[in-house]
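Biologist: I'm new to this one. Could you show me how to read a few of its features?

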Amino acid sequence: MVNPVHLRTLLEVTRRGSFAAAALQLGYTASAVSQQMSALEREAGVKLFERSARSVQPTQAAVVMARHAAKVLTDIDTLLAATASTHENTNQELRVGIFPSLATHALPRLLRSPAWRDLGLNLKIFVAEPAQTIQGLRAGGELDIALVYQVGQGGLAWPHTVSRQWIGDDNFRVVLPGSWGIRPGSEVTASQLAEMPWILHHPGTADATVIERLFASCSLHPRVAAYCDDFNASLELAAAGVGAALVPELALQRGTSGVVVLDVPEIRLARSIFALLMSDRHNAQVDLFMDQLAATLRGLSIAPRHI
């Protein structure tokens, strides 16, 4: 029986041109590579290398074996991956609806963590705005849990069979174009921003109404340069000098190149992040997921509440 480990080593030797180079790539010693190739010659019953004091040269048999070994090893990898996938699919699936910025900046970090991999849970993920994911929680819906946000007290409604758990508050920050010359950490008041162009939410949305009221309370009546409900786009527009914007901390995880992030005392706003749970689907898997999400948000400085 040919040892697949020896086949992988053969591939590296033929690719690299020497036992020493293959050993460096694979983390072996040159002596270990030489021993493996000798063992492979015995297993195959053919001479694979012409050895001299200064070099080794693969024979035609080695070249042919390496060509076929590449396919065999790919088949083995595919077999193992399919087996692992079958095993994973036997675990319970948790169907999660999640809004885009949480899916972009927090969920991948959670899924890459060793603690999450050790849980053995499978997620089926639906990325959409809160109003859409809430629909998936209704009777017979496709979701077990919906992660949503709310700015202020309005704009969202959910079935009475759904319970709500607060996760944390995602604070908005004032973002200015770097080209405006205002330094990070500068003390800026709302009145100093009154005549500046702004990038705002589209009028008529619940978020826009809350922001309009906040600005009015600060006697801030901004000159609108753009309407945009996508925070990534707002950041890019601000970096291009279009105007100032209100952007939540979570969206700022992508980086702040070309913009200045300020804390303006009069402009205090947060969007509350919470989980909507179907009462009859609340189980240990949901609790494990929520615990991991809370830990992930702590790592992003989005301080979660106790859940």
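Here we talk through a helix pair and the nonpolar cores.

Modeller: First, this is a predicted model: local features need pLDDT of at least 70, side-chain atom pairs count only at pLDDT 80 or more, and totals for chains, interfaces and linings use all residues. Residues are numbered from 1 along each chain as its sequence is written, and side-chain values use heavy atoms, leaving out hydrogens and water.

Biologist: How do the axes of helix α1 and helix α3 cross?

Modeller: Two packed helices are described by the angle and the distance between their axes. Helices here are DSSP runs (H or I, at least four residues), numbered from the N terminus. Axes are lines fitted to C-alpha atoms, for helices over the stretch in contact, with angles from 0 to 180 degrees between N-to-C directions. For α1 (residues 4–16) and α3 (residues 30–44), the axes come within 9 Å and cross at roughly 115°.

Biologist: Which residues make the contact?

Modeller: Contact means heavy atoms within 4.5 Å. On the α1 side, V5, H6, L7, T9, L10 and V13 take part, and α3 brings V33, Q36, M37, A39, L40 and E43.

Biologist: And which residues touch the most other members of the largest nonpolar core?

Modeller: Nonpolar side chains tend to be buried together in soluble globular proteins. A nonpolar core is a set of buried Ala, Val, Leu, Ile, Met, Phe, Trp, Tyr and Cys residues joined through side-chain atoms within 4.5 Å, where buried means under 20% relative accessible area (1.4 Å probe, protein chains only). Of the 63 residues in the largest core, I145, L147, W198, F215, L246, I267 and F289 touch the most other members. Apart from that core lies another of 18 residues, including F19 and M65. Leaving aside neighbours within four places in sequence, L246 contacts residues including F172, W198 and F231.

Biologist: Is S219 buried or exposed?

Modeller: S219 is exposed (over 50%), with a relative accessible area of 56%.

Terms used: Helix = DSSP H or I, 4+ residues; strand = E, 2+ residues; numbered from the N terminus.
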